[in-house]
Structures are given as structure tokens and as C-alpha cells.
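Hello,

Here is the structure I promised to pass on. Please have it open while you read; my notes follow below it.

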Amino acid sequence: MIVFRAMYELHDTFSLTDLENTLDSVDKSTLFRTLSLFAQHHLVHKIEDGSGSTKYCLCRNDHVCRVDELHCHFYCESCHKTYCLDHTYIPMVHYPKGFELHSVDYLLKGLCPDCRNKRLD
């Protein structure tokens, strides 16, 4: 419950290191095992944003997410933060017959509004 509360208070996505910094009394291996368990039970989603550090976001659905309910993520190439685009759903992709789809990742890369504004100033 301590880990879940800490995740709930972190906005957008977070890394294991972010969670470790928030919960300095909980060791890294416990946090990793807890995140793995939460991902397995669809309480969090894992995001590979290309930064080399797996990010997580809290699943806000009260059921197992179907592929058509998953949302996109945005990775800022300047500040290296990954944002959940909660209301931007992953477009349906048609794939060859016989394949079975289990998950989809859809990542957009560019500049977040803050970094874009800094660049324009």
C-alpha cells in the first residue's frame, strides 16, 4: 500500500529511481518486485521510451485494459520526461491474420510545451 500511494502521488510517468527517491525507506529490489507484480496484475503500465530507463504509469481503469483502450505517451527530447497522453488513444493497426496481439506501445518524441517555449524565447 505504501508503494501504491507513492505511485498515485507521482504525476504522469515515473521510473524506478523516481519511486526510490520518493520512498527512501524501501529498498530498490522490493520496489522492482512490487512494480513487476503491479504490472502483471495491470495496476501499472510499463513504457519503453528509448531513454534506457523503463517508465511506469498508473492504470486508471478499474479492469484489465484492452489494447484499444491504451493511450499514447510523449517523450521530450530536451528534458527527458515522458508524459501520458491519457486522451490520445493508440490507433488501431491491422496486422496479418494468424498473429495474436498482447500489447502495443505508441511513443511520440519531440519537445514538451515548457522546453518548446524555452527554445522560442
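One definition before the notes: helices here are DSSP runs of H or I with at least four residues, strands are DSSP runs of E with at least two, and both are numbered from the N terminus. Please keep in mind that this is a predicted model.

**Overview**

The chain has 121 residues, and 34% of them count as buried. There are 4 helices and 6 strands. From the N terminus, the order of elements is α-β-α-α-β-β-β-β-β-α. The C-alpha trace spans about 50 × 45 × 25 Å along its principal axes. Take the contacts between residues at least 6 apart in sequence: 49% of them join residues at least 24 apart.

**Sheet with strands 1, 2 and 3**

This is an open sheet of 3 strands, in the order 1-3-2, and its pairing is antiparallel. Strand 1 (14-15) and strand 2 are the edges, each pairing on one side only. Strand 2 and strand 3 are antiparallel, with 4 bridges between them. In that pair, Val44 faces Leu58 of strand 3. Helix 3 lies across strand 1, strand 2 and strand 3. Its angle to strand 2 is about 105°.

**The largest core**

The largest nonpolar core has 16 residues. Which residues have the most contacts inside it? They are Met7 and Leu19. Helix 1 (2-9), helix 2 (16-22), helix 3 and strand 3 (55-58) each supply at least two residues. Helix 3 gives the most, with 4 residues.

Leu19 is worth a look on screen. Setting aside neighbours within four places in sequence, Leu19 touches Val3, Ala6, Met7, Leu10, Phe14, Leu31 and Leu35. A second, separate core has 5 residues, among them Phe74, Tyr83, Cys112 and Cys115.

**Helix 1 against helix 3**

Packed helices are described by the angle and the distance between their axes. Here the axes of helix 1 and helix 3 come within 11 Å and cross at roughly 75°. Angles of 65 to 115 degrees count as roughly perpendicular, so helix 1 is roughly perpendicular to helix 3. Helix 1 contributes Val3, Phe4 and Met7 to the contact. Helix 3 contributes Leu31, Thr34, Leu35 and Phe38. By class, that is 6 nonpolar residues, 1 polar and no charged ones.

Val3 comes up again with Val26. These two are 23 residues apart along the chain, and their C-alpha atoms are 8.7 Å apart. Val26 sits in the loop between helix 2 and helix 3. Is Val26 buried or exposed? The cut-off for buried is under 20% relative accessible area. Val26 has 18%, so it counts as buried.

Strand 4 and strand 5 run antiparallel and are joined by 5 bridges. Within this pair, His73 stands opposite Cys84 of strand 5.

Most residues other than glycine have a negative phi.

- His42 is not a glycine, yet its phi is positive, about 65°. His42 is in the loop between helix 3 (28-40) and strand 2 (44-47). Its relative accessibility is 35%, so His42 counts as partly exposed.
- His80 also has a positive phi of about 65° without being a glycine. Where is His80? It lies in the loop between strand 4 (71-76) and strand 5 (82-89). At 46% relative accessibility, His80 counts as partly exposed.

**In short**

Helix 1 roughly perpendicular to helix 3. Positive phi at His42 and at His80.

Best wishes

Key: Residues numbered from 1 in each chain as written. Predicted model: local features only at pLDDT ≥ 70, side-chain atom pairs only at ≥ 80, totals over all residues. Heavy atoms only, no water. Buried < 20%, exposed > 50% of the residue type's maximum accessible area, 1.4 Å probe, protein only. Pairing = 2+ DSSP bridges. Core = buried A, V, L, I, M, F, W, Y, C linked by side-chain atoms within 4.5 Å. Contact = heavy atoms within 4.5 Å. Axes fitted to C-alpha atoms, helices over the stretch in contact; angles between N-to-C directions. Parallel < 35°, antiparallel > 145°, perpendicular 65-115°, else oblique. Nonpolar A, V, L, I, M, F, W, Y, C, P; charged D, E, K, R; others polar.
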